[in-house]
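Biologist: I would like to learn how to read this structure. Shall we take it feature by feature?

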Amino acid sequence: MRRISKVFPSFILFATLACWVLPHGAYGESSNHDTWKNFSAAQKRYALFGFIDCHRLLFPHANASMYNADERVYGEVDKLAADNGDTPIGRLILDAMRKTPAAAPDNHAEHGGVDDGMLWRGLIEREKEAYVQGVFWCAEVAPAMTVSLSEKSAGAAVKALDDWYVVADDDWKDPRSNARVDVPVAVAMQRTGILSIRPAKKP
Amino acid sequence: MSNSQYAPTVTKGGLVTHCSEAACSIAAATGANTAGVLSDANGHNYDANTQINNLANPKNGWHAVTPDQAQALANQGVLAFATQHGAGHGHIASVRPEGIPGDQPRGRSGPILANVGIFNGVAHQSAVFTPAHGAIIYYAPNQ
């Protein structure tokens, strides 16, 4: 985290351990390597997406080029996890992203977009839980922030987000559906009170 | 759709998705001539917005159909696309026949699509497109 601390020198004065309200169950254990290992490739993808979205929110001035999420990154996390059993998964994800060179430009792909309400409507339950878990893992390794999570589990957070995005409104008749669809998921987590971020208090 | 090369990724902080590549390769797999509509003469796919503009041009041998017509055509094995021209890169997805064993479409309303994008999987229109982002137009080839 040295690099991030340089970007935010003012926070160093207030640095303290993140206040972390641990959710219960398999998803919430802070260094739960088993959760990562048991994720499918799609779950690992969306865990990384959640991690990255949360990290951008916490560190908006961080160099965006550090964010990579593809199969090579998942593989690097797997390797690091095997050798660093006590290290929080969030820290391993950061290390893996830094170690993995960015993929070559793909001129035939679409570039851009954000993880917003359309992503949320498209994901299945276990992918949503993985996304939320990625946010949890990110919050866990934020050194100069107080991050609290009101929900007791990833599943509860998923339910709250489903309600907020009005996912049940499959015909897009509720005005909230269209009004909220472009809101990034990480921001929705703040608006729903699932994720609360503020600079840590002086020790 | 299940091709791992088409999985969404993040590269240098930017989201990378593959709907136009998938549309091109699905069309090619069905025997359709993609040149000038979905791809250049060398088979390299155009971006989604260009593909959608080409599908909308009657000179290219495609025409707009209703969602129900698109689903009916797909059920008969005819290639059809759902599209949304976007301020960003737009989005395109092929319509998938109903009732394929093992399919558990995401969402509940609208035709069934083989979506490649921010997520890859079988989904109803409602899980892929929002009316808030513009008109959702279906295209099928002229018979």
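Biologist: Let me begin with Val166(A): is this residue buried or exposed?

Modeller: The idea is to count neighbours: a residue is buried if 20 or more other C-beta atoms lie within 10 Å of its own, exposed if 12 or fewer, and partly exposed in between, with C-beta atoms placed from the backbone. Val166(A) has 20 other C-beta atoms within 10 Å, so Val166(A) is buried. Remember that this is a predicted model, where local features need pLDDT of at least 70 and side-chain atom pairs count only at pLDDT 80 or more, while totals for chains, interfaces and linings use all residues. Residues are numbered from 1 along each chain as its sequence is written, and chains are lettered from A and ligands numbered from 1 in the order in which they are written.

Biologist: What is the phi of Val166(A)?

Modeller: Most residues other than glycine have a negative phi. Val166(A) is not a glycine, yet its phi is positive, about 55 degrees. You can find Val166(A) in the loop of chain A between helix H9 (154-164) and helix H10 (175-180). Helices (H or I, at least four residues) and strands (E, at least two) are DSSP runs, numbered from the N terminus.

Biologist: Which phi does Trp172(A) take, and where is Trp172(A) found?

Modeller: Trp172(A), also not a glycine, has a positive phi of about 60 degrees. Trp172(A) lies in the loop between H9 and H10 of chain A. With 17 other C-beta atoms within 10 Å, Trp172(A) is partly exposed.

Biologist: How many helices and strands does chain A have?

Modeller: Chain A has 11 helices and three strands. Starting at the N terminus, their order is α-α-α-α-α-α-β-α-α-β-α-α-α-β. Of its 203 residues, 41% count as buried.

Biologist: And in chain B, how many residues of helix H1 are buried?

Modeller: H1 of chain B (residues 19-29) is mostly covered, with nine of its 11 residues buried. Among them are Cys19(B), Cys24(B) and Ile26(B). Just after H1(B) comes Gly31(B), with a positive phi of about 95 degrees.

Biologist: What ipTM does the predictor give the complex?

Modeller: The complex gets an ipTM of 0.93 and a pTM of 0.88.
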